[in-house]
Amino acid sequence: MAARGIRCCYLLVSRSERYRGRTYIGFTVNPARRIRQHNGEIGAGAKHTRRMRPWRMVLVLHGFPSKKQALQFEWAWQHPNASLVAREVAAKLGRKAISGLPGKVKLMHEMLHLPPWKDLPLTLQMLNTEFDRLRAGCRTLPQQMNTCVAPVEELLVDTDAEDESSEERETDDAGRDTEEPTASGRTDAANEIHGEVDSLMHSLDPGRTCAFCNHRVEREERLTCTCSARFHLMCAATEYLREEEDKKLVPKGGSCPTCHKYNTWAALVARATRANHGMLLRSPPVKRAQEQEQCPPIKDAATTSANLQPTTNFSREGPAPTRSASVGGVTSELIVID
């Protein structure tokens with residue numbers, strides 16, 4: 001039912017008693033093999049979904065012209081509130097409406113009407129009639145897109161093609177991430193290593209991941225919003241330049257994907273520079289206790305008159321004449337100019 005060399009985004013749901021309702025969104029070139037990997041029937045990959053086995057594959061969306069377009073859809077589907085493309089749709093539907101299995105299906109239908117994907121010749125394959133009922137009440141797909149109900153085994157694939165499946169994260173029934181993803185485009189061995197490192201870093205400090213790509217951010221390459229969200233310099237520059245009409249080498253600024261506050265590029269860079277050099281963002285507190293010891297407060301006018309005892313010392317020879325005054329026990333000398 002599909003040509004060789006397909007690129008698919010797919011949706012899984014956990015059948016585990018403990019994690020029932022948890023969903024997983026991923027990318028693969030061989031869905032039949034991929035679901036077996038998730039369930040541990042064959043090796044290679046799918047380590048982040050072990051604890052939620054067994055899994056059922058709900059649907060497969062295929063027909064993407066390139067791997068890049070498929071991965072972009074996958075990421076936006078996983079993180080609709082952080083995606084610049086899907087953010088408005090997610091906000092309009094509401095967090096509750098896009099959570100759980102029905103919510104993921106509904107969100108996918110809405111996203112397929114957005115500019116990056118609405119003109120693609122995609123095919124939505126629901127894997128059985130039970131899951132096809134989830135489409136009830138969803139928005140009708142664009143005219144050039146096809147839908148069908150068929151098992152995953154009927155999806156023709158190139159069995160000799162290298163498995164390019166992504167090791168992304170599971171989400172719970174509220175759409176929250178439960179694992180840290182690995183970076184796309186690496187080899188299987190590199191994916192395993194980076195996946196373990198990213199998961200460890202996320203568990204130690206969830207704020208050390210980029211708000212745009214959700215990968216680890218090192219201190220020397222990060223920008224920081226006032227809400228403490230962090231992102232790679234290149235991720236922020238790429239997304240902000242994409243929103244601006246006049247394309248330049250340096251963006252004017254953009255909105256934080258976490259708090260949606262607008263930050264100028266100059267402010268982001270300045271904040272990063274101060275952080276990298278260990279500079280404080282606020283002035284140190286004034287040592288008022290020492291000031292009060294040197295200059296005690298004047299209680300009333302009588303005290304002022306008593307403490308102010310001017311004396312004048314004029315001398316025709318030597319240094320210039322001076323006038324001294326005592327206030328609160330502190331003596332000061334002023335040069336008198338004739």
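Visitor: How many contacts beyond four places in sequence does the model have for residues 279-293, where pLDDT stays under 50?

Guide: This is a predicted model, and over residues 279-293 its pLDDT stays under 50. Where pLDDT is low, the predicted coordinates should not be read in detail. With that caution, the number of contacts that the model has for residues 279-293 beyond four places in sequence is three.

Visitor: What pLDDT does the chain average, and how many contacts beyond near neighbours in sequence does the stretch 168-204 have?

Guide: The chain averages a pLDDT of 75, and 64% of the residues score at least 70. Over residues 168-204, however, the pLDDT is below 50. Beyond near neighbours in sequence, the contacts that this stretch has in the model number 88.

Visitor: How many aromatic pairs does a search of the whole structure find, and is the pair of Y24 and W55 stacked or edge-to-face?

Guide: The search of the whole structure finds eight aromatic pairs. For Y24 and W55, the ring centres are 6.1 Å apart and the planes stand at 65 degrees, and since an angle over 60 degrees is the criterion, the pair is edge-to-face.

Visitor: Which strands hold Y24 and W55, and why does their pair tie together parts that are apart in sequence?

Guide: The two residues are 31 residues apart in sequence, so their pair ties together separate parts of the chain. Y24 is buried, with a relative accessible area of 0%, and W55 is buried as well, at 2%. Y24 lies in strand β2 (residues 23-28), whereas W55 lies in strand β3 (residues 55-62).

Visitor: Is the ring pair of F73 and W77 stacked or tilted?

Guide: F73 and W77 are four residues apart in helix α2, a separation of about one helical turn. F73 is buried, with a relative accessible area of 0%, and W77 is buried with a value of 0%. Their ring centres are 5.8 Å apart and their planes are at 55 degrees, so the pair is tilted.

Visitor: Which residues do ring pairs link into a cluster with F73?

Guide: F73 belongs to a cluster that is linked by ring pairs, and the other residues in this cluster are F64, W77 and W117.

Visitor: Is Q69 buried or partly exposed, and which residue joins it in a polar contact of 3.2 Å between side chains?

Guide: Q69 has its place in helix α2 (residues 67-78), and at 23% relative accessibility Q69 counts as partly exposed. Leaving aside residues up to four places away in sequence, Q69 touches F64, W117 and L120. The polar contact of 3.2 Å joins the side chain of Q69 to that of S66.

Terms used. Residues are numbered from 1 along each chain as its sequence is written. This is a predicted model: local features need pLDDT of at least 70, side-chain atom pairs count only at pLDDT 80 or more; totals for chains, interfaces and linings use all residues. Side-chain values use heavy atoms; hydrogens and water are left out. Buried means under 20% relative accessible area, exposed over 50%, partly exposed in between (1.4 Å probe, protein chains only). Contact means heavy atoms within 4.5 Å. A polar contact is a pair of N or O atoms within 3.5 Å; within protein, one must be able to donate a hydrogen and the other to accept it, and residues adjacent in sequence count only if both atoms are side-chain atoms. Rings of Phe, Tyr and Trp (its six-membered ring) pair if their centres lie within 6.5 Å; planes under 30 degrees apart count as stacked, over 60 as edge-to-face and the rest as tilted. pLDDT is the predictor's confidence in each residue, from 0 to 100.
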